[in-house]
Amino acid sequence: MAYRKLSEQVQMLTNPQRSDTFVKDFKSAVREGQFEAAYMNTERFQLPKEFSRRNSDETYNRSMREMIFEATPDFEEWFDRTNRELAATRRGGSIKPSIEAFEAGLVDFKSLAAETRQKMQASYDKGHSLGKSRARGKRKVK
């Protein structure tokens with residue numbers, strides 16, 4: 001079997017800005033026993049992702065402990081699946097509705113329209129019931 005370093009595998013990612021998420025998923029897979037890996041205690045590597053500091057234009061990189069693992073067919077299958085997921089979608093946050101997002105199929109128009117309809121109806125009902133309750137209150141005062 002061929003051994004490979006985690007830093008080499010990170011360089012193969014389609015979207016390097018997701019390298020921190022890939023390393024987190026890699027460590028989780030090792031912890032769960034999907035494949036074997038070991039720390040190389042003396043080595044570290046820089047993630048290609050650039051992190052930005054809040055309220056500043058400054059960016060920085062993080063370093064991670066180097067790991068070595070066997071490049072088995074199971075690992076290659078896991079890597080292909082994970083790489084596709086990281087390239088296609090973002091975790092956390094939602095995709096903002098736009099014409100491009102609808103056309104690309106990232107946002108479902110029908111479900112968003114149904115959600116909008118429900119919100120509008122709830123807002124209408126709330127305003128309607130509030131108006132009725134205030135109308136009843138005025139009658140009692142007179």
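## The aromatic cluster

In this predicted model, a single aromatic cluster is formed by Phe22, Phe26, Phe35, Phe69, Phe75, Trp78 and Phe79. The count of aromatic pairs comes to twelve. One of the pairs joins Phe26 and Trp78: the ring centres are 6.2 Å apart and the planes stand at 65°, so this pair is edge-to-face. The angle matters for the label because planes over 60 degrees apart count as edge-to-face.

Phe26 belongs to helix α2 (residues 19-32) and Trp78 to helix α3 (residues 73-88), so their pairing ties together parts that are 52 residues apart in sequence. Both Phe26 and Trp78 are buried.

## The packing of α2 against α3

Two packed helices are described by the angle between their axes and the distance between the axes. For α2 and α3, the axes come within 11 Å and cross at roughly 145°. The crossing of these helices is right-handed.

On the α2 side, the residues in contact are Thr21, Phe22, Asp25, Phe26 and Ala29, and they meet Phe75, Trp78, Phe79, Thr82 and Leu86 of α3. Sorted by class, this contact has seven nonpolar residues, two polar residues and one charged residue.

Gln9 is found in helix α1 (residues 6-11). With a relative accessible area of 0%, Gln9 is buried, because the limit for that label is under 20%. Apart from neighbours within four places in sequence, Gln9 is in contact with Arg4, Phe22, Phe69, Phe75 and Phe79.

Asn83 lies in helix α3. Asn83 is likewise buried, at a relative accessible area of 11%. Residues up to four places away in sequence set aside, Asn83 touches Met12, Leu13 and Thr14.

## Arginines over tyrosine rings

Two arginines are placed over the faces of tyrosine rings. Arg53 lies over the face of Tyr60, at 4.3 Å from the ring centre. Arg65 lies over the face of Tyr39, with a distance of 3.8 Å from the ring centre.

Asn55 is located in the loop between β3 (51-52) and β4 (59-60). Most residues other than glycine have a negative phi. Asn55 is not a glycine, yet its phi is positive, at about 55°. The relative accessibility of Asn55 is 85%, so this residue counts as exposed.

Gly105 is placed in the loop between α4 (99-104) and α5. Its relative accessible area is 57%, and Gly105 is therefore exposed, since the label applies over 50%. From C-alpha to C-alpha, Gly105 and Gln34 are 32 Å apart in space, and they are 71 residues apart in sequence.

Arg134 is found in helix α5 (residues 109-141). Arg134 counts as exposed, at 55% relative accessibility. The C-alpha atoms of Arg134 and Glu43 are separated by 71 Å, and these two residues are 91 residues apart along the chain.

How values were computed: Residues are numbered from 1 along each chain as its sequence is written. This is a predicted model: local features need pLDDT of at least 70, side-chain atom pairs count only at pLDDT 80 or more; totals for chains, interfaces and linings use all residues. Side-chain values use heavy atoms; hydrogens and water are left out. Rings of Phe, Tyr and Trp (its six-membered ring) pair if their centres lie within 6.5 Å; planes under 30 degrees apart count as stacked, over 60 as edge-to-face and the rest as tilted. Helices (H or I, at least four residues) and strands (E, at least two) are DSSP runs, numbered from the N terminus. Buried means under 20% relative accessible area, exposed over 50%, partly exposed in between (1.4 Å probe, protein chains only). A charge sits over a ring if NZ of Lys or CZ of Arg is within 6 Å of the ring centre and within 35 degrees of the ring normal. Axes are lines fitted to C-alpha atoms, for helices over the stretch in contact, and angles run from 0 to 180 degrees between N-to-C directions. A crossing is left-handed if the near helix is turned anticlockwise from the far one by less than a right angle, and right-handed if clockwise. Contact means heavy atoms within 4.5 Å. Ala, Val, Leu, Ile, Met, Phe, Trp, Tyr, Cys and Pro count as nonpolar, Asp, Glu, Lys and Arg as charged, and the others, Gly among them, as polar.
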